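Please read this briefing with the sequence and the structure side by side.

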Amino acid sequence: MNPLDFAVLIISMLAIAAYGMWHTRRHRDLKHYLRGDETVGWMTIGISVAATQASAITFISTPGQGYQSGLDFVQNYFGMPLALILVAAVFLPLYRRLNVYTAYEFLGSRFDTKTRLLGAGLFLVQRGLAAGITIYAPAIILSTALGWRLDLTILFSGLLVIIYTVAGGSQAVTLTQKYQMTIIFGGMVAAFAILLIKLPANLGDAFTVAGGFKKLNAVNFSFDPQRRYTFWTGLLGGLFLSLSYFGTDQSQVQRYISGSSLRESRLGLMFNAVFKIPMQFFILLLGVMVFVFYQFEPAPFYFNQSAWNQAVQHDPDGKLQGLAKEFDETHAQKEQFIHQWLDAKHDGNQAAETAAQAQALSALDRGNDLRDEAGKIMEANDPGVKSNDADYVFISFILGQLPHGLIGLLIAAFFAAALQSKSAELNALGSTTTVDFYRHMVKRDASDAHYVTASKWFTLLWGLVALGFALFAHLQENLIQAINIVGSVFYGVVLALFLIAFFLKHVGGTAVFWAALASQVMVLILYHYLHISYLWYNFIGPAACILLSLVIQAALGPTDKTKQEWTAT
Amino acid sequence: MKPPDDDQDELTGLPGLRTWRSVYLFVFGCFVLSVVLLLALTVIYS
């Protein structure tokens with residue numbers, strides 16, 4: 001990065017944060033602080049909902065996923081449009097009618113205090129963990145790729161988001177998200193355009209190469225339970241994951257209950273239901289096109305250059321450099337085969353096309369084997385090294401191929417994405433702690449100003465917890481998957497609490513509380529011992545909780561504590 | 001559970017999609033179209 005890139009990064013980040021704080025400086029009441037400006041329209045809500053979900057890892061890690069595995073990750077989002085329809089039709093009208101600050105207030109009205117606190121507590125645990133990941137994830141990648149100190153990168157992004165979220169509350173979050181999303185999409189579209197311009201092949205040939213290397217397999221109907229992304233895991237697991245996330249996660253509920261009317265909130269959700277799959281497709285396709293680009297250009301043997309340089313220093317036998325040399329030779333051969341393959345295709349010579357494609361595939365496999373071999377050597381030399389470098393693919397492409405100024409814009413886009421999701425999380429963590437625990441359990445009848453101050457302190461506290469987690473984190477999974485795994489393990493049971501509340505009116509608080517506890521323990525045990533796609537836990541958790549609650553309620557007998565009138569506390 | 005009785009919210013304000021049921025059907029149709037297009041991409045280039 002040169003001074004122009006730094007100027008773009010620093011000015012855009014500070015300007016958005018400062019504008020958010022300045023615009024919300026006069027709002028002092030709890031309603032404004034927790035719900036924001038209740039005059040916002042559907043587009044602002046829609047952008048805010050999308051921004052909360054799309055963290056930095058969506059834009060850094062997902063292209064790497066596309067580079068490595070192709071388009072199949074898009075299936076992860078197949079359940080989302082259906083879930084958003086359910087949220088808009090069932091969850092949202094109820095939240096607005098009860099006039100709640102948090103989703104968990106509803107559980108208190110429908111069941112009892114202990115169930116409300118369980119739901120809020122599970123949210124705090126899983127979202128608190130995820131909040132650490134959303135700071136850590138981009139920081140580890142950006143600091144490694146740019147040569148910055150990891151702790152300073154975490155502190156810069158973490159402290160900036162804490163300051164404007166604590167100061168401005170929900171409205172500052174919504175306002176800044178709008179401008180942050182503008183920077184993100186400006187950057188991503190510019191990167192895609194530059195990539196297409198730089199591609200040595202035309203778009204048709206690029207798709208032929210990507211398809212020939214199995215990078216365009218977007219839909220898979222396999223029933224293999226060990227296969228992570230299929231149509232079925234995406235539809236069923238994705239439906240439950242999205243239903244939990246959008247219907248019961250306070251970081252999302254807080255975004256869409258702030259609409260000026262039910263109509264605006266609903267349309268904001270429907271905007272996301274329509275555009276999420278195309279958006280994820282676009283980001284994955286960007287990764288696939290980066291893959292195609294590197295089939296025609298010299299490709300890095302290992303994308304995490306910093307880790308590679310360290311590994312080479314600790315490899316006195318020179319095995320790694322030998323493998324890298326062999327990779328370069330294989331890569332050059334593969335490029336020749338690809339040209340033969342495309343030439344044969346243009347000439348209509350089917351036999352030659354098939355033969356050249358087979359040779360190119362064989363060379364690709366050989367290259368991957370060499371990378372795997374190097375990864376094993378690196379892990380053997382230093383067990384702390386992560387051999388999977390998919391998270392570094394896109395940032396490596398940006399730094400190596402984009403012009404200055406645009407590099408700064410893309411890095412600003414990654415930071416903006418980190419801040420926008422982080423701010424919504426902190427806002428939700430602070431709100432839930434204030435409303436569901438502090439106001440409900442500690443101090444019931446204080447003034448608005450008191451609760452606003454308390455909410456600011458809790459937001460600050462959660463920000464510091466997330467910063468602490470980020471500073472000491474060490475993650476093995478691809479980062480976008482790490483977030484989804486944490487969500488899948490905890491979300492299911494929280495969703496079950498809401499589904500039982502909505503649809504099983506005879507089940508009371510005691511039955512659902514113990515069923516939820518037992519199901520959560522069961523999911524944690526299964527996750528530890530079973531090797532199935534994590535998306536299945538979004539189905540297993542709720543199914544177990546619903547069944548158990550029915551059994552326990554049958555054992556307890558009819559209860560007169562089931563409340564028919566659900567009013568906010 | 002009963003939906004809120006808020007008549008003005010029942011109007012979607014969208015041309016050609018006057019009820020929420022029709023909005024949901026439209027969104028579902030967009031989802032089906034997305035899957036079909038992705039499936040076509042998979043089949044054509046596999």
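Which domains does the domain assignment of chain A give? The assignment gives domain 1 (3-294 + 397-556) and domain 2 (313-385). The model is a predicted one, and the points below are grouped by topic.

**The two domains of chain A**

- The C-alpha centres of domain 1 of chain A and domain 2 of chain A lie 37 Å apart.
- Where these two domains meet, five residues of domain 1 of chain A are in contact with six residues of domain 2 of chain A, and the domain 1 side of this contact divides into two nonpolar residues, two polar residues and one charged residue.

**Chain B and its contact with chain A**

- Chain B has 46 residues, of which 20% are buried, and its secondary structure comes to two helices and zero strands.
- The contact between the chains takes 26 residues from chain A and 22 residues from chain B.
- On the side of chain A that touches chain B, the elements that give two or more residues are helix H5 (80-98), helix H9 (203-212) and helix H12 (262-296) of chain A, and H12(A) gives the most, with eight residues.
- Sorted by class, the residues on this side of chain A divide into 19 nonpolar, three polar and four charged.

**Helix H4 against helix H12 in chain A**

- Helix H4 (residues 56-69) of chain A packs against H12(A) at an angle of about 55 degrees, and the axes of the two helices are 7 Å apart.
- Because of that angle, H4(A) counts as oblique to H12(A), and H4(A) passes H12(A) in a right-handed crossing.
- From H4(A), the residues that make the contact include A:Thr58, A:Phe59, A:Pro63 and A:Tyr67, while those from H12(A) include A:Ile283, A:Leu286, A:Val290 and A:Phe291.
- By class, this contact of H4(A) with H12(A) has 10 nonpolar residues, six polar residues and no charged residues.

**Helix H1 against helix H8 in chain A**

- Helix H1 (residues 3-23) of chain A and helix H8 (150-198) of chain A pack at an angle of about 120 degrees, with their axes 7 Å apart.
- H1(A) and H8(A) are therefore oblique to each other, and their crossing is right-handed.
- Among the residues of H1(A) that meet H8(A) are A:Ser12, A:Met13, A:Ile16 and A:His23, and among their partners in H8(A) are A:Leu160, A:Tyr164, A:Leu175 and A:Ile183.
- The contact of H1(A) with H8(A) has 11 nonpolar residues, six polar residues and no charged residues.

**Buried residues of helix H16 in chain A**

- In helix H16 (residues 393-401) of chain A, the residues A:Val393, A:Phe394, A:Ile395, A:Ser396, A:Phe397 and A:Ile398 are buried.
- The helices of chain A against which these buried residues of H16(A) pack are H4, helix H7 (113-146), H8, H12, helix H13 (305-313) and helix H17 (406-442).

- A:Pro542 lies in helix H21 (residues 537-556) of chain A, and A:Pro542 counts as buried because 26 other C-beta atoms lie within 10 Å.
- Although A:Pro542 and A:Ala496 are 46 residues apart in sequence, they are 4.6 Å apart in space, C-alpha to C-alpha.
- Not counting residues up to four places away in sequence, A:Pro542 touches A:Phe240, A:Gly492, A:Leu495, A:Ala496 and A:Leu499.
- A:Pro225 is placed in the loop between H9 and helix H10 (231-248) of chain A, and A:Pro225 counts as partly exposed because 14 C-beta neighbours are found inside 10 Å.

**Residues with a positive phi in chain A**

- Most residues other than glycine have a negative phi.
- A:Asn99, which is not a glycine, has a positive phi of about 55 degrees, and A:Asn99 lies in the loop between H5 and helix H6 (103-110) of chain A.
- With 12 other C-beta atoms within 10 Å, A:Asn99 is exposed.
- A:Lys214, also a residue other than glycine, has a positive phi near 60 degrees, and its place is in the loop between H9 and H10 of chain A.
- A:Lys214 is partly exposed, with 16 other C-beta atoms within 10 Å.

Technical notes. Residues are numbered from 1 along each chain as its sequence is written. Chains are lettered from A and ligands numbered from 1 in the order in which they are written. This is a predicted model: local features need pLDDT of at least 70, side-chain atom pairs count only at pLDDT 80 or more; totals for chains, interfaces and linings use all residues. Two residues are in contact if their C-beta atoms, placed from the backbone, lie within 7 Å. Helices (H or I, at least four residues) and strands (E, at least two) are DSSP runs, numbered from the N terminus. Ala, Val, Leu, Ile, Met, Phe, Trp, Tyr, Cys and Pro count as nonpolar, Asp, Glu, Lys and Arg as charged, and the others, Gly among them, as polar. Domain bounds come from an automatic or database domain assignment. Axes are lines fitted to C-alpha atoms, for helices over the stretch in contact, and angles run from 0 to 180 degrees between N-to-C directions. Angles under 35 degrees count as roughly parallel, over 145 as roughly antiparallel, 65 to 115 as roughly perpendicular and the rest as oblique. A crossing is left-handed if the near helix is turned anticlockwise from the far one by less than a right angle, and right-handed if clockwise.
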